[in-house]
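Take a look at the sequence and the fold below. Keep both in view while you read.

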Amino acid sequence: MPVRIIAVCNQKGGVGKTTLVTGLAEVFSRDLHKRVLVIDADPQYNTTSALGVIKPEFTLNDVMYGDPENNQKIIPGV
């Protein structure tokens, strides 16, 4: 089964990135019955909170720039 990667990026704020990503994730997951992985690289984690995670345990920013032990929180195959 082919893996499709869709990247949404723009440095300007207020252009609809969060709305677009959460909408696409919902359509692919609910309507097309696809498994979806959303990676929120924004340090403000607006997409994460829009998907229902109010206070994340850690963010991608923590993994990339924080304590090296945060790398242990990434579990492949889950």
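## About the model

This is a predicted model: local features need pLDDT of at least 70, side-chain atom pairs count only at pLDDT 80 or more, and totals for chains, interfaces and linings use all residues. Residues are numbered from 1 along each chain as its sequence is written, and side-chain values use heavy atoms, with hydrogens and water left out.

Start with T22. This residue sits in helix α1, which covers residues 17-31. Helices (H or I, at least four residues) and strands (E, at least two) are DSSP runs, numbered from the N terminus. T22 has a relative accessible area of 16%, so T22 is buried. Buried means under 20% relative accessible area, exposed means over 50%, and partly exposed lies in between (1.4 Å probe, protein chains only). A polar atom of the T22 side chain lies 2.9 Å from the backbone oxygen of T18. T22 also touches T47, A50 and L51, leaving aside residues up to four places away in sequence. Contact here means heavy atoms within 4.5 Å.

A25 belongs to helix α1 too. A25 counts as buried because its relative accessibility is 10%. Leaving aside residues up to four places away in sequence, A25 touches V36 and V38. A25 and L51 are 26 residues apart along the chain, and their C-alpha atoms are separated by 9.2 Å.

## Charged partners

How many salt bridges does the structure hold? It holds 2. A salt bridge is a side-chain nitrogen of Lys or Arg within 4 Å of a carboxyl oxygen of Asp or Glu. Side chains of opposite charge can pair when their charged atoms come close.

E26 and R30 form a salt bridge, at 2.5 Å from N to O. These two residues are 4 apart in helix α1, so about one helical turn separates them. E26 is partly exposed, with a relative accessible area of 41%. R30 also forms a salt bridge with D31, and their closest N and O atoms are 2.9 Å apart. D31 counts as partly exposed, at 42% relative accessibility. Salt bridges with shared partners join E26, R30 and D31 into one network.

## A nonpolar patch

I6, V8 and L20 make a nonpolar surface patch of about 240 Å². Patches are made of residues with over 30% relative accessible area and no salt bridge; like charges are joined within 9 Å, nonpolar side chains (Val, Leu, Ile, Met, Phe, Trp, Tyr) within 5 Å. Accessible areas come from the Shrake-Rupley method with a 1.4 Å probe; for residues, only the protein chains shown count as cover. I6 lies in the segment before α1. I6 is exposed, because its relative accessible area is 52%.

## Two loop residues

D40 lies in the loop between α1 and α2 (46-50). Is D40 buried or exposed? D40 is buried, yet has no salt bridge. The nearest side chain of opposite charge is K17, 9.6 Å away. Lys and Arg count as positive, Asp and Glu as negative; His and the chain ends are not counted. The D40 side chain reaches the backbone nitrogen of T47 at 3.2 Å. The D40 side chain also reaches the backbone nitrogen of T48, at 2.9 Å.

T59 is found in the loop between α2 and α3 (60-65). With a relative accessible area of 15%, T59 is buried. The C-alpha atoms of T59 and Y45 are separated by 7.4 Å, and these residues are 14 apart along the chain.

Note on methods: A polar contact is a pair of N or O atoms within 3.5 Å; within protein, one must be able to donate a hydrogen and the other to accept it, and residues adjacent in sequence count only if both atoms are side-chain atoms.
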